[in-house]
Amino acid sequence: MPQDHSVVRLEDYQPTPYQIDRVSMAFRLDPMQTEITTTLRMAPRQGSNNSQALKLQGDEINLIGARLNGSALDASHYEATPDSFVLHKPPQETFILEFVTRVAPDNNTQLMGLYRSSGTYCTQCEAEGFRRITYFYDRPDVLSVYEVRIEAPKDVPYLLANGNLIDSGDMDTPEGFDTAQAWHYAVWQDPFPKPSYLFAMVAGDLARVEDHFITRSGRNVALHIYVEHGKEDRVAYAMDSLKRSMKWDEDVFDREYDLDIFMILAVSDFNMGAMENKGLNIFNDKYVLAKPDTATDTDYALIEAVIAHEYFHNWTGNRITCRDWFQLCLKEGLTVFRDQEFSSDMRSRPVKRISDVRQLRARQFPEDSGPLAHPVRPEAYSEINNFYTATVYEKGAELCRMLKTLIGDDGFKDGLDLYFKRFDGQAVTIEDFLASFEEACSVNLTQFSQWYRQAGTPNLVATYTYDAARGQMSLTIEQSCPPTPGQPTKKLMQIPVRFGLVARDGSSATFSGIRDAKSGSLIGGSDCTLLTLTNREHTYIFEGVSTDALPSLARGFSAPIHLRTNLTLEDQLILVRHDTDPFNRWEATQFVLMDHLIRQTRANQSSSIAVDQPVNAALIEALKTCLLDDSLEHAFRAQLLQVPSEADIAREIGKNVNPDAIHAARESLRQELAKALGTTLVELYQSLQDGGAFQPDSASAGRRALRNGLLDLILAAGEGTAKGIATAHYNEASNMTDRFAALAAMTLNRSTAADALLTDFHDRYADDALVIDKWLSLQASSPQEGTIGKVKTLMDHPSFSMSNPNRVRALIGAFAMNNPIQFNRKDGEGFKLVADIILTLDRSNPQTAARLANNFRSWKVLEASRQTSAERELRRIANTEVLSKDVADIVNRCLQ
């Protein structure tokens, strides 16, 4: 086990005793011995106790020399280890501290600090990677102006860093290097103070694609995207997404870009999706490269969203950053909210909302209900890399959306404008953020702030009755929140609940006003669409309701909650047909499907030969009506076709989960739906054929999504003629979206033609790593009994590499995340396989290993025998003699 068990606590926060206002760095690049000279201009912080020694962080630092105010430091004046530098008696006025350090980029398998990816030097410094380059106060509240000089042989033509290029040219070959090799240099200056985690340096022999953007104030910003040679034809959509992001941020948030140049680098070895370094974003190439014959519509949508997300960080994260890592949601949650709004404006807002909620429920709800639960703003952490979570990102975004719902669009804009004006150039807290809205809108957000402090997903129970004689509807809503680790008792939350009324005949029901049943006070008129919960229980009386109507609650998913109502299945089917809120129309469909799935799962568990539950005939008719309704978007109809996932079902069941019974129930339902809808599916599928050129726009993507969803369901009924339809779909596809959809449908529905098509797919795209990732993921996601053996075989495939996080995520991550029936095998072999890989990977890349370990988070909801198997593997990992802090943190919390 690791020796460092230290815990960082929010309550212990203190500013650094010294500040660093200016950083000058010089990189002399070499694959095995890059030399870095770092010069820090430091000064005692006013009001701090500066009699203590100066201590800076490091991580595996190889110190060559240290100087103070231009003179070499005597060894007795300081203490240096690979992990820290201590200056015993620092000056009490401004001073210059200089370090010369040496790193080996080629040996940096952690992909943190300075490393090389396919021959390109690049850095990754968030959260604590800068300390792997030099000694520093490596924390977000130390903001400095940086000037960076990069020196390299001319066969490394591009030398890049944050900010604006201020000098470049030829130079003499440094002493100790081959004099036959010509060298050059470049100097970059970033005029905006930033924390060390936003530092970036890139150097390599790359292809550059150029464009420009004219800001609304008339400045011409150069746009450069750097990729590996030969991939220039895949960046057009990324560039277009960047330009649209820049324009949208000006139009919607009044945020204009502030440097002369904006650069993106795409690399193939990257622990995360992308990084928002000021003016020089470094991306996993998965989120940059796309063309129709290699990227799916999902890839295009993700590129658009991630490009936007990292660009939007320029203001929400860079110009205003977080004071400490406990405030991580201040930049990530807010920026996710902004990129979701951007994608909603670029595409279908209702479908985007459904997609985001699907992801929230799949990733964040299990986190909130398990041993890894933590507040959006944690109170303590042992390894910060493990808190880049769905709670911080996705739930953090939901909090911003709720805030906007509570104070209105105009109030939200006024509050953000004040926040940008007041805190530009500072490192701030959640309290600073909320105070801006309180002041701008004259509201009290004390109770709302509990959302940042409490873990767990609140439960709402809503009960309604209708009194025809009085023309009144009574609606009672009660809130509660389950215990989570470290928080056994919960405080009441402020919860916005958007609502509407739907008459049983499908018309929009009206009311004259809403009163609080307890006080009798009027809380809303006939135009009211929002209820705000603050107490344990509220009862509302809707007056002037002339017809029996159904409440449509939490419209647009107005809060991240579990909602239970006394609506019957028949009531829900009325909402499926008639709710004017697209999200709730989809939600009602999911409710009816889920009710069937849970009943079927329990029947499967209770008997070795379970009798299939009949599918609700009214649901079949409602689905048919929706599928054939041309007034509905194709993409929305595609969402209606998607049966709740096996993970969704497990989450609803909550305990004693049997993945085999769930899988059988879901497959049975899909088969019954396919048979019942029969010719409707085939005829609609055939009507959606389109021989036009591929376009990545929302409407075209929606048409493909519906057609491919229909194909998948057609195959669920059994091969028959469907095999020929699917094979033709694959062979005749003019784009990756359609070809891969056919391959996935054949593979996951166990078609006898799948193996031949998998071979064909590999042969077509063997030289394209990102496409082969899809091939790896699909096979790892197959529910077939032999999948675990296939995964082991694929680990020896030339296309797979344990050193590349994309390959690991594609194969092992897909197996653990997307294949519950095989990962949670009763014999424990799925757990054992992933545990073995975690232990192997932990020696080279602890971050990627820790993210794999996250997949054990829900082991305690499984039936007893599977719990035993999962616990055995978790304890085997935990008891390993040498284990990274990253993995130990996740595993030990899972075992608590």
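Rings of Phe, Tyr and Trp (its six-membered ring) pair if their centres lie within 6.5 Å; planes under 30 degrees apart count as stacked, over 60 as edge-to-face and the rest as tilted. By this rule there are 45 aromatic pairs. The model is predicted, so local features need pLDDT of at least 70 and side-chain atom pairs count only at pLDDT 80 or more, while totals for chains, interfaces and linings use all residues. Residues are numbered from 1 along each chain as its sequence is written, and side-chain values use heavy atoms, without hydrogens and water.

**Aromatic pairs**

- The ring centres of Tyr419 and Phe433 are 5.2 Å apart and the planes stand at 85 degrees, so this pair is edge-to-face.
- Tyr419 lies in helix 5 (residues 390-423) and Phe433 in helix 6 (residues 430-441), 14 residues apart; helices here are DSSP runs of H or I with at least four residues, strands are runs of E with at least two, and both are numbered from the N terminus.
- Tyr419 and Phe433 are both buried (under 20% relative accessible area, with a 1.4 Å probe and protein chains only).
- Ring pairs join Tyr419 and Phe433 into a cluster whose members include Trp315, Phe337 and Phe412.
- For Phe499 and Phe511 the centres are 6.0 Å apart and the planes at 35 degrees, so the pair is tilted.
- Phe499 is in strand 27 (residues 495-503), and Phe511 is in the loop between strand 27 and strand 28 (513-516).
- Both Phe499 and Phe511 are buried.

**Helix contact**

- Val834, Ile837, Ile838, Leu841 and Asp842 of helix 22 meet Pro846, Thr848, Ala849, Leu852 and Ala853 of helix 23, where contact means heavy atoms within 4.5 Å.

Note on methods:
Buried means under 20% relative accessible area, exposed over 50%, partly exposed in between (1.4 Å probe, protein chains only).
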